[in-house]
Amino acid sequence: MSDQKPIIRTDAPAPEGFEGEGFFATKLSSVIGMARKFSLWPLPFATSCCGIEFMATLNPTYDASRFGMERNSFSPRQADMLMVCGTIAKKLGPVLKEVYTQMAEPKWVVAVGACACSGGIFDSYSVLQGIDKIIPVDVYVPGCPPRPEQIIEGVMQVQALAESESLRRRDAPEYQHLLDSYNISN
């Protein structure tokens with residue numbers, strides 16, 4: 001065995017956040033991201049069978065409240081995750097767009113089911129062929145109708161987005177350009 005002691009540098013600068021009388025073990029953006037991740041308030045916009053599957057997701061068997069979705073909001077001003085579940089008729093499109101614009105930033109959109117994602121089996125003049133024609137979509141949950149496990153996976157993807165999103169992303173010119181492409185003013 002060697003009697004050599006390890007060399008410890010005392011002149012190295014302290015890592016970020018480890019200075020002063022106290023220290024923080026993380027960055028403010030990480031704390032805000034974690035808070036957003038576990039406090040998503042969904043606004044269900046359910047029009048057909050996918051809405052029933054979303055309701056099943058909230059029952060005790062699947063318990064969506066463990067993901068921070070304890071409170072469903074039925075006011076767009078108090079929600080940050082729009083869950084569009086089911087068939088959207090073209091006449092309903094302006095209503096959906098108005099609901100989206102009334103939500104405060106940051107907001108996320110989940111298209112639940114084949115009809116919300118792409119129009120589903122209804123390739124007709126009256127059905128919107130995907131809600132991404134009128135509002136930006138963050139997560140697509142395929143299925144006709146999707147199982148509650150799939151909806152939970154979609155919510156977990158939104159949680160990952162909420163946790164990792166930069167605090168300044170919504171102010172970026174790219175985001176404004178995206179909203180402009182949908183003719184939505186911010």
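**Set-up.** I worked on a predicted model, where local features need pLDDT of at least 70, side-chain atom pairs count only at pLDDT 80 or more, and totals for chains, interfaces and linings use all residues. Numbering starts from 1 along each chain as its sequence is written, and side-chain values use heavy atoms, with hydrogens and water left out.

**Sheet.** I took helices (H or I, at least four residues) and strands (E, at least two) as DSSP runs, numbered from the N terminus. I then checked strand 1 against strand 2 (residues 81-85): they pair in the parallel sense over 5 bridges. A46 has C85 in strand 2 as its bridge partner.

**Helix 2.** Axes are lines fitted to C-alpha atoms, for helices over the stretch in contact (heavy atoms within 4.5 Å), and angles run from 0 to 180 degrees between N-to-C directions.

**Burial.** I listed C50, G51, E53, F54 and T57 as the buried residues of helix 2 (under 20% relative accessible area; exposed is over 50%, partly exposed in between, 1.4 Å probe, protein chains only). They lie on the same side of helix 2 because they cover an arc of only 160° around the axis, taken from the directions from the helix axis to the C-beta atoms. Their cover includes strand 1, strand 2, strand 3 and helix 5 (148-164). On the face turned away from the buried side I noted the exposed residues I52 and M55.

How values were computed:
Two strands pair if DSSP finds at least two bridges between them.
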